[in-house]
Amino acid sequence: MRTMKDIPFLSSAEVPIFQDVLTGHSTLAEESPSAADKPTAIAKVRDTVLPWRLALWTILFLLAGFGMGYATIPLLRASDLSGLITAHLPKAETAFASFFLRLCLHNLPVLLLLAAAGLTGFSNTLITVTSGLCGIADGATVALLWFRAWSVSSEETLLVSKTLFGCFLIMVILKSGIRWFLSVSARRTAIGYFHAQNETPAHTFLCVMKHLRLILLGSLLTVLLCFGYALCLFVLV
C-alpha cells in the first residue's frame, strides 16, 4: 500500500512548465532580458526614424506633384492656364472674410483626417493617402504658378504672377510643415493606442488628449496661415 510519501509532488521549478502548456505563454521567454528588450529597442528605432520617414514622403509627394504639373503644362492652352489662376484669386467684389473662410474650409478636411488617423488602426494608410493627395495637388499648383510667373511678357502681369508664386510657395512650405507635424503626432498616437502592451487606460487617455491638443494647435496655425495668405493676395496681388 502506497503512502503519502510515495506520491510525487511538483517542485516550484516545475510548476511554470505546466502553466506554460495550459496558457500558451512562455515563462522562460518572459524572464529572458534579451527577449523583452528586443521589441523595445525596435520600437525606439522606429519612433526615432518616424519623423524623418514622414518628412521624406512629404518632400517626395511635393516633387511628384511638381513633376506632374510641369508635364501637364504643354497640354494646356494659355487661356486654360490663365483661367485656373484667375479662379484661385479673389475677385474684385469678393469680401476678405468670404475668401478667408473659403481657405479655412478648404483645409478643414485634411485636419479632420489627420485627427482621425491617430484614433484608427490603419493610421499609416490614412496618413499616406492624405499627405500624398495634398502634396501632389500643392506641387502641381506650384509648377503651374512657376511656369506662369516666368512665361508672361507684360511687366505688370509678370510682377503679379511672381508675387502670387512667392506667396503660394511660402504657404505650401508652411502648410506642409504643419501637415508633417500632425502626421507624426497621429502615427505615434495610433501606435501607442492600438499597439502598446500593458498600458493603463489613463496612459492611453493622456496619449489621445495630447494628440487632440496638437490637432487644435495645428488648426490654429493653419487659420493664421490662411489669414496671412488671404491678406497677401488682397494687398499685394
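Modeller: A residue is called buried when its relative accessible area is under 20%, with a 1.4 Å probe and protein chains only. This is a predicted model, in which local features need pLDDT of at least 70, side-chain atom pairs count only at pLDDT 80 or more, and totals for chains, interfaces and linings use all residues. Residues are numbered from 1 along each chain as its sequence is written, and side-chain values use heavy atoms, without hydrogens and water.

Colleague: What share of the residues of the protein counts as buried?

Modeller: The protein has 237 residues. By the cut-off of under 20% relative accessible area, the buried share is 32%.

Colleague: How many helices are there in the protein?

Modeller: Helices are DSSP runs of H or I with at least four residues, and strands are E runs of at least two, numbered from the N terminus. From that end, the elements run α-α-α-α-α-α-α-α. There are zero strands, and the number of helices is eight.

Colleague: Which helix supplies the largest share of the lining of the second largest pocket?

Modeller: A pocket is an open set of 1 Å grid points, over the protein atoms alone, where a 1.4 Å probe fits, with protein on both sides within 12 Å along at least five of seven lines; lining residues have an atom within 4 Å of a point. Here 26 residues form the lining, with His-88, His-106, Asp-138, Phe-168 and Lys-175 nearest the centre. Helices α4 (78-88), α5 (96-117), α6 (123-149), α7 (155-195) and α8 (201-236) each give at least two residues. The largest share, eight residues, comes from α5.

Notes:
Buried < 20%, exposed > 50% of the residue type's maximum accessible area, 1.4 Å probe, protein only.
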